[in-house]
Amino acid sequence: MISKYFNTARTIQEFRSGSIGAHIDGFAKSLDDTGFTRHTIRGHLRAAVHLGRWMDDKGIPLGSLDRGVLKRFRRHLSQCHCDSRSKGVFRRTLSAIEHLLMHLQNLSVLQEESIIDPPFAEISKKFNAWMI
């Protein structure tokens with residue numbers, strides 16, 4: 001599914017590796033089914049891979065993703081220079097991560113239902129419905 005959004009074999013292989021890799025195609029399909037634009041889906045996939053790479057570098061297994069890990073990732077974002085194209089600017093990353101978390105919770109990859117604040121989850125659902 002990610003080959004619909006990225007052309008190079010290297011990028012596709014990169015995105016499918018690591019802790020997030022096993023879920024990246026399903027995440028892309030979920031975003032596509034929701035009606036997001038190609039541009040937005042590409043950004044959300046990049047954000048998911050960014051989180052996965054960061055977690056892999058820190059030795060954090062995907063199943064251990066919780067509020068504390070997300071807090072650490074937010075701090076990382078404020079100083080991040082991982083992607084030279086972004087130059088440390090990741091305005092949409094946290095929104096994309098919220099969608100990833102909901103996707104992983106729907107798959108029961110993440111057990112902690114409260115990882116997403118209920119008020120944000122409700123707003124996010126309403127926003128997604130509005131987008132369609």
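Author: Let us take helix H2 in this predicted model, beginning with its meeting with H5, where Ile-20, His-23, Gly-26, Phe-27, Ser-30 and Leu-31 of H2 touch Ala-96, His-99, Leu-100, His-103 and Leu-104 of H5. The residues of this contact comprise six nonpolar, five polar and no charged ones. Helix H2 covers residues 18-34 and helix H5 covers residues 93-106, and the two pack with their axes 10 Å apart at an angle of about 100°. Because angles of 65 to 115 degrees count as roughly perpendicular, H2 is described as roughly perpendicular to H5.

The partner H5 is itself mostly covered, with eleven of its 14 residues buried, and among these buried residues are Ala-96, His-99, Leu-100, His-103 and Leu-104, which are also the H5 residues that meet H2. From its first C-alpha to its last, H5 reaches 20 Å, close to the 20 Å expected at 1.5 Å a residue, and just after this helix Ser-108 takes a positive phi of about 65°.

Helix H2 also packs against helix H3, residues 38-58, where the two axes come within 10 Å and cross at roughly 160°, so that H2 runs roughly antiparallel to H3. The crossing of H2 past H3 is right-handed. On the H2 side the contact includes Gly-18, Ile-20, Phe-27, Leu-31 and Asp-32, while on the H3 side Ile-41, His-44, Ala-48 and Asp-56 are among the residues involved. The residues of this contact divide into nine nonpolar, four polar and two charged. Ile-20, Phe-27 and Leu-31 of H2 therefore take part both in the contact with H5 and in the contact with H3, given that contact means heavy atoms within 4.5 Å.

Methods. Residues numbered from 1 in each chain as written. Predicted model: local features only at pLDDT ≥ 70, side-chain atom pairs only at ≥ 80, totals over all residues. Heavy atoms only, no water. Axes fitted to C-alpha atoms, helices over the stretch in contact; angles between N-to-C directions. Helix = DSSP H or I, 4+ residues; strand = E, 2+ residues; numbered from the N terminus. Parallel < 35°, antiparallel > 145°, perpendicular 65-115°, else oblique. Nonpolar A, V, L, I, M, F, W, Y, C, P; charged D, E, K, R; others polar. Expected span 1.5 Å × (residues − 1). Buried < 20%, exposed > 50% of the residue type's maximum accessible area, 1.4 Å probe, protein only. Left-handed = near helix turned anticlockwise from the far one by under 90°.
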